[in-house]
Amino acid sequence: MSAADTTTAESRETTEIRPFEPVLGDRFVLAWPHLVLTCWFCGLFLILSHLPLVHTELWGHITAGNEIILAAELPQNEPSLSLAEGMPYASPTWLSQITLASVNNVGGADALSGLLALIQLFALLAFSFAIYFRTTKKRYALAAAVGLVAVSFAFSTALLPRVFGGVCLASMLLILALLPQWNGFASKSAKKKGEWPIWVWFAVPALFAIWANFDISFVAGLLVLVCIAIGRIVDVVRKTSSLLTVLIDRQTRRMVVLAELAAIATLVNPYGWNLWGYAVGSGVNSFWVLAGGWHPLVLASLTGLGFVAIWLIAIACIRFSTATWRSEEVLLLASFSLAVACNEQLIVWFAPVAGFILFPRIREMLESSGVFQMEWMQRIEASAVPALASEGDAERRPLRFAYSLCSVLVVWIAFALSPLSNPLFGGDPRSPDHQFSTQTPLGVANYLAELQPDTLIWAPSYWGDFLNLNAKSDPGYFANSNLRVLPAQAQLDFDHIRRAGPGTNRLLGRYNVGVIVVDVTRQKDLSAVIKANTTDWRLAYQDDQAAVYISRKTGFPKAASETVSELRLGSQPNKTQLALGGIQ
Amino acid sequence: MTLPKIALAFIASQALLLPAFIGIPIWRSTVVDSSIELPEFRSEPIEVGPLYNDERVVTDEQLATVLHKLRPRLAGEKPKINYVDHALRFWGTDAEFDDAQCLSGEQMRQILVDHRAFKTVWEEGKPLLAIDAKGVAVRVQEGAETSSHVDHTMATLAEVGTPLDFPLVTAQGDATYRDLLIHALRSFRLNQREYEWTALTLALYAPTNKSWVTREGQQVSFDLLADRIMREPLSNGVCFGNHRLYTLTILLRVDEQQPLLTPPARQRIIDHLQDVTSRLVNNQSPEGWWDSNWPDAQPVVGKQKLDATSRRLLATGHALEWWAMAPAELHPPKETLVRAGQWLVVEIEQMEDANIEKDYTFLSHVGRALSLWRGQQTPLISNR
């Protein structure tokens, strides 16, 4: 046999023996836990991307964002409220507003839903990775992702600046988890040495510089760093009984300087150090007011139950964990718990911070309990290890990629089923009924977009943002979700009209309100008062959700009188128009 | 223990940074949480006088008759305070009368500014003036011994030329007119129900067009104030909305002497008042009067607080009053003015004393309007 024949034969033999040999290495082999994680995150992404958009503040932020883009400067007054002229106004979430407005301008409601899903997915992934680095186990990463969603889902479904803040908070926790003292993968010597990689000194200030322009929750990030720094000082003093050792301790100095660098980085914003004034101030633009103000936690609520669940876990950790509690952990749990007690919405800050502290202890507790030594757990653990190329018989070797392929398939299916795939696959946008929450006044929005009143419009504050989106002329709406920036008298008068108090018609005249939008299900008293005053008001539009009355006194409408001279009953919104641009 | 150099550097940096981290937020919070910021005042109100002298509107003889009938017969116990301040605004502080039933201008002013004088006519009841944390308050709409409208008394004193340091005597001690003005500003809210007289007074004392910050934290300029005045439907407000028109006119007049408004705001006021004039011309009755329906001449329906003659005297007198102070570009044709003036004269001549006493507040506007049309800021014709 010649050499050439030998080579040909070997080549044929090779082809015959390994017809499906994969080109990817072992690092791409996944196990079933990866598939479970993929399914969880993709499922969550799908749910979030199909959630209807909220009917309230989101649209105000989009209007503000458009104003900023148009004027290329930050507004001095609330951009939608003519009655708020001269009132102090600040927009510390301006970068979120620009982002939201740009996404809406490019892709409309479907793109906004996609943005919400992507942001939340990214935040959850960052948090899960942080927990993974803390615990070194994927099961805790999955548990953290599930737990965080369970506790704060109610506040995570609205596309508001705080979701951008959530990404930043999770990213900061991930950075911290990569540092030796919080990283479960770090060796004991590395922990003792406590050296930080150089990139941390750039990454954290850069993160805070961005965060401070996206959302007010950068204060929570600073609080985390400050609590860690103070906790470290307390621990060093307790350990050595000397204040001077604090100055010698490198770890303490590093933490203090990192917190200070982060704080200084937050000054990179259009308001400069005034932003700090808003952070601690008490005016209408203070962060406390922007975060929802005094809104105490109610234990008998979903949020309250989540809070209790976290604290029950914390109590179990205190009771059963053998590791020493550090002062920073106590400070963090105490300060964030206090914040939630005053304002339940802050659970979106508390939950990830609590998870960051508690999961290593949960791991320690569970592992010392022997639960993972049980036979069935051992079997599960063994099955969770990815198959390596060197293992198993040759015929089954390619099957070790089954979970990898399934994971990729799940990701692809999730993308294909989400509205984000429409530009790629040419699918139709969702109908307005699916794009917007059921409380969104689509019919009224469509009617008023056609009418374009040039007079002040009174509408429920929770509809003001959405309805204002298509308003092209002043003076616009009496109020929106930024009711707080109206002068106090106007706020009182708005509320008086909402409650249909005595003299409502006189008050409407004082503000020269020409159009009233009444929520017929929630404002029955006002509806009755306006309906009874046929001298001043005539019903111009009505559907199941709202009624629109037009003043006879203001002589409105003039130009549009021909098109709206008759009452429109049960008029349905022009859904195609709304979907294609009416609400963009 | 010897500290390493890096520790010393750390101490030094913290000595600088920590106070900054605590101090800056507190300092800036006081800046961003804007508090009340009062405007500057001139020491005496700017003079805004009549611009015209037209005997076609009212002749000397007619004016003398009207003034005689409208002399302030307020001497004696318990004169209504809103009569006193309307009469003071009409007659001015220099007015003297031979009639013992009448109060002189100075006597009227003393009742308003001096608690001792007030007490001589209103022995019982609460004082008119009261010192509180904001300054000096005037009691409003609490009966005949109080002022009829928010800041009306203050505006009256401004229009008769009261300087800022003019002494006030209250039951709690001495004060000045400045305290009255400061109280009004500290209480002022742009969306309050009655604002016409506060705006008028501010315009008369404003040395510049600088804005100020109200108790609500709102930065208010005269432009915003003017927009607020023009915001409501025309007939809204006291005296069928006429005081809003008068205040707008004074804003224009003051602006001619010193900048108060931006050009666009001034133009908005002119457009607004020209629209009003056009409506008044179109809706004037053949006899010369207007009624409460002056903006649109829609039928007057429902129960009215005043009878037809009183309403017409009120609407017509006020219209002539603001036109008397307005730039000529805002005037109606002369015929409109003459018909209105002559109708007023005839009505006043025919009025019985009892009716004059009943409607004295808005009749004082009629008398003042007719005087202004003869170029008299305060009536020059003696009633002695």
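## Interface of chains A and B

Across the interface of chain B and chain A, 11 residue pairs are in polar contact, both residues being at pLDDT 80 or more; a polar contact is a pair of N or O atoms within 3.5 Å, one able to donate a hydrogen and the other to accept it, and residues adjacent in sequence count only if both atoms are side-chain atoms. The model is predicted, so local features need pLDDT of at least 70 and side-chain atom pairs pLDDT 80 or more, while totals for chains, interfaces and linings use all residues. Residues are numbered from 1 along each chain, chains are lettered from A, and side-chain values use heavy atoms, without hydrogens and water.

The contact (heavy atoms within 4.5 Å) takes 35 residues from chain B and 33 residues from chain A.

## Aromatic pairs

Over all chains there are 30 aromatic pairs, meaning rings of Phe, Tyr or Trp (its six-membered ring) with centres within 6.5 Å; planes under 30 degrees apart are stacked, over 60 edge-to-face and the rest tilted. Phe133(A) and Phe185(A) are edge-to-face, because their planes stand at 80°, with the centres 5.9 Å apart. Phe133(A) lies in helix α4 of chain A and Phe185(A) in the loop between α6 and α7, 52 residues apart.

Tyr447(A) and Tyr541(A) are stacked, 5.0 Å centre to centre with 20° between the planes. Both Tyr447(A) and Tyr541(A) are buried (under 20% relative accessible area, 1.4 Å probe, protein chains only; exposed is over 50%, partly exposed in between). Ring pairs also join Trp458(A), Phe478(A), Phe494(A) and Tyr511(A) into a cluster.

Conventions: Helix = DSSP H or I, 4+ residues; strand = E, 2+ residues; numbered from the N terminus.
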